[in-house]
Amino acid sequence: VSRSPGGVVVEVPAGTPGVVDVSVDARGDTATAVGAFTYRTSLAVTAVEPAEGDVAGGETVVVRGAGFTSDTEVRFGPVSAAGVTLVSSSELRVVTPPGTVGPSDVTVTTVTDEASLVGGYTYVEEVVVSSIAPTRGSIAGGTRVVVRGRGFYGDVSVSFGDVEATSVEIVDAATLVVRTPRAVDPERVAVTVVANGVEVRTGKNFVYFDPYSPAGGWWGDEIAGSVNATVFDGDNGERIEGAYVTLNVRVGGTIFACVTNDEGQCTISEPGVRGEQTVSASAVGYSSVTITDVDAENIMIALTSTTPPTPGTPPAGELPVIFGELSGLDKITDPGEDEQIIGVLRTSTPGVGGRNPTGTGFVQVNWIEGDAPIPYEMFSRMGELAVVAMCGVFNTRTGDFRPLWMGLHRGIAARGGERYEVNLECDIPLDLTMTFKFTNSPIGPRGPDINVAIPYLDFGGEGAIDFMHTAEGTSDVVSAPNFARLTAPGLEGVDYEVVGQAVPTDGGLPFAIAYGRDITRPEDRVNLPTMVPPADLVYPAPGGTVVERRFEWRLATDAAPDFYYAYIQDTAQETTFWEVWLPGDQTGFNLPYFPPGAPAGVLPTGSLVLIVLAIDAYTFDYDAFEFNDFGSWNWKSYSAAGWLFINP
């Protein structure tokens with residue numbers, strides 16, 4: 001008790017519920033106020049029985065606690081119960097209002113007080129899965145899948161087949177966002193949702209597929225949420241584990257990226273990943289690759305080792321050997337001054353413009369009057385091939401060879417360590433003059449200065465062979481003699497392929513190439529496809545410093561090529577550090593940013609070389625691209641240019 005002006009301040013002692021008198025005793029006098037103070041019970045909610053019910057409401061429950069009065073109101077979450085009956089100060093009978101799935105606070109309110117039981121009542125409903133989207137994803141896992149239905153609350157898990165999803169986010173009682181687990185093989189699986197102990201299993205309505213394609217490149221549907229990457233070694237085809245794959249897309253500063261598994265695969269799957277994307281991949285010890293503006297969900301990326309393989313030839317004992325005798329050199333009479341009659345025997349190359357392995361497929365014999373036939377022996381590449389002899393005269397002063405007759409043997413399937421006897425006679429006259437027309441050749445003072453046409457006989461699966469001489473000149477039309485007519489014996493079904501080149505006389509860059517295909521009338525003028533001019537670097541200036549990782553160029557034509565292929569090498573052009581594919585309407589690119597710690601290759605600082613190829617193809621779809629499309633067999637024409645630059 002303490003005094004205050006006009007009275008006293010009192011701490012009320014404990015009591016029992018009800019109305020009591022208040023008495024004051026001062027200096028022996030007592031005064032009493034009858035019924036002046038009421039003890040009441042503190043308001044509290046201790047239990048709800050039963051503790052769960054349907055989201056529709058309408059169920060009668062008992063709310064237990066203390067301090068309940070006739071004016072007590074009850075809320076389940078934010079919604080007030082319509083029916084509340086006071087049984088006693090410690091018990092209410094309440095009809096539940098509608099609610100949402102999951103725990104709900106139960107709050108009791110009187111005129112003077114309020115009390116809550118957190119999560120005191122749980123609304124439940126039947127667990128139903130109504131849809132999943134998308135319904136397919138890569139076997140690498142990581143595809144973002146939205147599961148819709150109802151009844152998603154409490155402990156929720158989602159499985160694809162027998163494997164549980166790597167992550168489950170409960171957006172609300174009707175929506176889950178999950179990440180698919182990895183699958184071993186392509187298959188169709190059921191999706192199972194377990195919510196608060198209730199299991200619902202769908203039909204087998206999710207399809208795992210393998211985004212890898214042996215053809216390489218990129219393929220599939222337009223990008224609508226996911227990019228499935230497969231990264232492999234471009235030299236041996238082995239999958240690369242630990243490669244870092246990223247998109248140039250940024251949403252709220254987030255970098256979309258993934259790291260490949262032991263099968264070289266990973267998936268970037270986010271709502272913002274839609275439409276054309278720029279995809280980059282890199283790995284320690286490999287070049288980095290960037291593919292710009294591609295709109296195909298499955299992308300195969302071939303990386304090049306920054307440690308070039310050691311060139312070599314299989315041991316001689318493992319190579320096939322072709323041997324025999326060459327006849328027909330005696331057909332050549334009266335060679336000119338400084339000329340010698342020789343025979344050159346070769347095996348066909350794997351294809352037009354291809355080369356045989358070092359040390360295989362070539363031998364020369366010299367004819368001395370009276371020597372016929374002349375024995376020969378040479379190592380060969382393996383596989384299906386033809387053996388060709390060119391008989392002619394070699395000028396010892398100029399080094400020029402002029403073939404006059406040809407010998408041919410086809411249909412050899414060469415296997416390692418085997419010997420094959422092939423006797424040849426030069427009996428096919430090389431008496432055809434071929435003429436070639438170049439279109440849009442970029443010959444000029446700053447570029448190529450000569451047109452060169454190289455004809456090949458194409459034997460299909462047996463490879464191809466050239467004639468060891470060319471047609472060349474500075475005009476748009478060039479001609480040369482000493483080629484075979486396709487009416488000659490052994491050349492049935494064979495056609496000509498021609499590589500037209502606009503090149504600097506001393507070699508190097510820039511140059512342009514056009515391919516003439518399927519030529520069956522070599523006696524007519526061969527019109528080569530229109531050449532693509534070489535690119536001119538705009539930014540940075542040749543020899544300059546690259547800024548903000550940006551490169552730009554231009555072409556001296558209004559017709560865009562089908563696509564570009566650009567790559568960055570060391571100045572010796574022995575190691576490739578970065579490769580970029582671009583659609584033909586894009587004349588530049590930005591090297592992507594790999595964050596610190598990313599398992600990516602490094603672009604060295606200092607002087608480097610940028611090479612840009614502008615390419616027209618016979619059949620082409622940038623969003624359904626195969627690495628075979630990059631093979632010269634599908635090219636109509638292309639150009640190449642290169643420049644030094646400095647990477648700071």
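Strand β47 (residues 495-503) and strand β48 run antiparallel to each other and are joined over six bridges, where strands are DSSP runs of E with at least two residues, numbered from the N terminus, and two strands pair if DSSP finds at least two bridges between them. Within this pairing, G500 stands opposite A514 of β48. This is a predicted model, in which local features need pLDDT of at least 70 and side-chain atom pairs count only at pLDDT 80 or more, while totals for chains, interfaces and linings use all residues. Residues are numbered from 1 along each chain as its sequence is written, and side-chain values use heavy atoms, with hydrogens and water left out.

Strand β48 (residues 511-519) has eight of its nine residues buried, so it is largely enclosed by the rest of the structure; buried here means under 20% relative accessible area, computed with a 1.4 Å probe on protein chains only. Strand β48 also pairs with β56 (residues 635-647), and there I513 has Y638 of β56 as its bridge partner.

Elsewhere, four strands form an open sheet in the order β5-β7-β11-β10, with antiparallel pairing. Its edge strands, each pairing on one side only, are β5 (44-49) and β10 (83-88), and the twist from one strand to the next averages 25 degrees, with axes taken as lines fitted to C-alpha atoms and angles running from 0 to 180 degrees between N-to-C directions.

| Strand pair | Sense | Bridges |
|---|---|---|
| β47 and β48 | antiparallel | six bridges |
| β48 and β56 | antiparallel | four bridges |
| β5 and β7 | antiparallel | five bridges |

Conventions. Buried means under 20% relative accessible area, exposed over 50%, partly exposed in between (1.4 Å probe, protein chains only).
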